[in-house]
Structure formats: structure tokens, C-alpha cells
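User: Hi, I have just opened this one and have never looked at it before. Could you walk me through it?

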Amino acid sequence: MKLHTVVVVLIALAACSKPAADNGSSPAAPGGASGAVASTSQPAGSACDRKLLTAADLSAVMTGPITVGPLPGDPQSCKFESSGETFGVTVSLRPGQGDLTVRTVLSGGENVAATPLAGVGDKAAWTPELHEINATKNNLLCDIQAPGDSGATQQALGALCNKIFAAAGA
């Protein structure tokens, strides 16, 4: 009988040591805000690390030689810069955050005016004051910021998000 008890205890311990299944709850995001659970179907890394966008793709919104680099402190973002321009373009790709982010931006949750942008992902928001697009497809967030006098249009930035979505299989 003691052997049976030991076996039951070992089985129970083994079951308890397995990772918990995703129950749909949202863990606290950095800064204490509640965020959506990141999709496990999307690989980690920025759009640049994954080669979803290249310097050549940014030639529609930037001039001169374009360099690509990480955004310090944010492994899901990268920055495109050109020595001939005073601005850079930041691209962030956040699995599991798209739907909530776009809904928040369009409802005024960012405290700046935003308008819907048709033809980009499942749903997109354009924020002219920030020169930023937030788009979602299958809950994958594409956030592109081209501040300053970049001349980047909402259509050009939207096309970049659509390219990311297609390349990511979203």
C-alpha cells in the first residue's frame, strides 16, 4: 500500500510541475497595465530581426542610405535612420496586442485624435499629430511612427504594415 501512495504522490508532483495552460487571462503588462496575452503563434523578435521589413522597404518614406538598428530596451521594435534626415522611423511588432491597441487609439484612449484607416490589416488607426499608424491583423499589432517632417503618408505607412502582416503570415 505504501508503494501505491508513493506512486500517486509522484504522479501528482509531475502534474503540478507542468506549465499552466493558457486560460485566456491577461497578465499584467510592464508598468502595471493589464495587457493581452501574447500570441504564441508569432515568433519573437522585431520586424527587422525577422527581415519582415528592410531598408529598401523604407525608401518610399526616407531618402539617402538607410540604416536599421534595434530600439534599446524594446526587443519588439527597431528603428530605421538616414544620415540625410532629422527623423527616424520606428517599427514595433507586438503579438497579442493589436485588437486592444487599435480599439484604444480609436476611442481616444491615447488623448490624441485618431481616425480609422481603411485597407490596412483587419483594422487600423491613423494619428496625424504623432504621425503614427496602429494596425491589427489577427491580433498582431503593427505600430509605425514616422514623426517630424518625414513626409510619410498614412497610405505609405499602411502599406508597410500590410507588408509585415503578409510576411508574418498574420
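Analyst: We can start with the overall layout and then turn to single residues.

Analyst: Please keep in mind that this is a predicted model, in which local features need pLDDT of at least 70 and side-chain atom pairs count only at pLDDT 80 or more, while totals for chains, interfaces and linings use all residues. Residues are numbered from 1 along each chain as its sequence is written, and side-chain values use heavy atoms, with hydrogens and water left out.

User: OK, how many helices and strands does the protein chain have?

Analyst: The protein chain has 3 helices and 7 strands, where helices (H or I, at least four residues) and strands (E, at least two) are DSSP runs numbered from the N terminus. Read from the N terminus on, the elements follow the order α-β-β-β-α-β-β-β-β-α.

User: And in what order do the strands sit in the sheet?

Analyst: The 7 strands form an open sheet with the order β1-β2-β3-β7-β6-β5-β4, and the pairing is antiparallel; two strands pair if DSSP finds at least two bridges between them. At the edges are β1 (66-71) and β4 (115-116), each of which pairs on one side only.

User: Which helix packs on that sheet?

Analyst: Helix α2 (residues 98-106) does, touching β3 (88-95), β4, β5 (123-127), β6 (132-137) and β7 (140-145), with contact meaning heavy atoms within 4.5 Å. The direction of α2 makes about 45° with that of β5; such axes are lines fitted to C-alpha atoms, for helices over the stretch in contact, and angles run from 0 to 180 degrees between N-to-C directions.

User: Back to β1, how many bridges join it to β2?

Analyst: There are 6 bridges between β1 and strand β2 (residues 74-82), and the two run antiparallel. Within this pairing, Leu71 has Asp74 as its bridge partner, and Pro70 stands opposite Cys78 in β2. The hairpin of β1 and β2 has 2 residues between the strands, and Gly73 there takes a positive phi near 85°.

User: Which residues other than glycine have a positive phi?

Analyst: Asn111 is one of them, with a phi of about 65°, and His131 is another, with phi near 50°. Asn111 lies in the loop between α2 and β4, whereas His131 lies in the loop between β5 and β6.

User: Is His131 buried or exposed?

Analyst: His131 counts as buried because its relative accessibility is 17%, while Asn111, at 72%, counts as exposed. Here buried means under 20% relative accessible area, exposed over 50%, and partly exposed in between (1.4 Å probe, protein chains only). Of the 170 residues of the protein chain, 36% count as buried.

User: Changing topic, how many disulfides does a search of the whole structure find?

Analyst: The search finds 1 disulfide, a disulfide being a pair of cysteine sulfur atoms within 2.5 Å. Cys142 and Cys161 form it, with their sulfur atoms 2.1 Å apart. Cys142 lies in strand β7 and Cys161 in helix α3 (residues 154-168), so the pair ties together parts that are 19 residues apart in sequence. Both cysteines, Cys142 and Cys161, are buried, and their link is left-handed, with -85° about the S-S bond.

User: Last one, where is Ser107?

Analyst: Ser107 is placed in the loop between α2 and β4, and it counts as exposed because its relative accessibility is 60%. The side chain of Ser107 reaches the backbone oxygen of Thr104 at 3.0 Å.

Note on methods
Polar contact = N/O pair within 3.5 Å; in protein donor to acceptor, adjacent residues only side chain to side chain.
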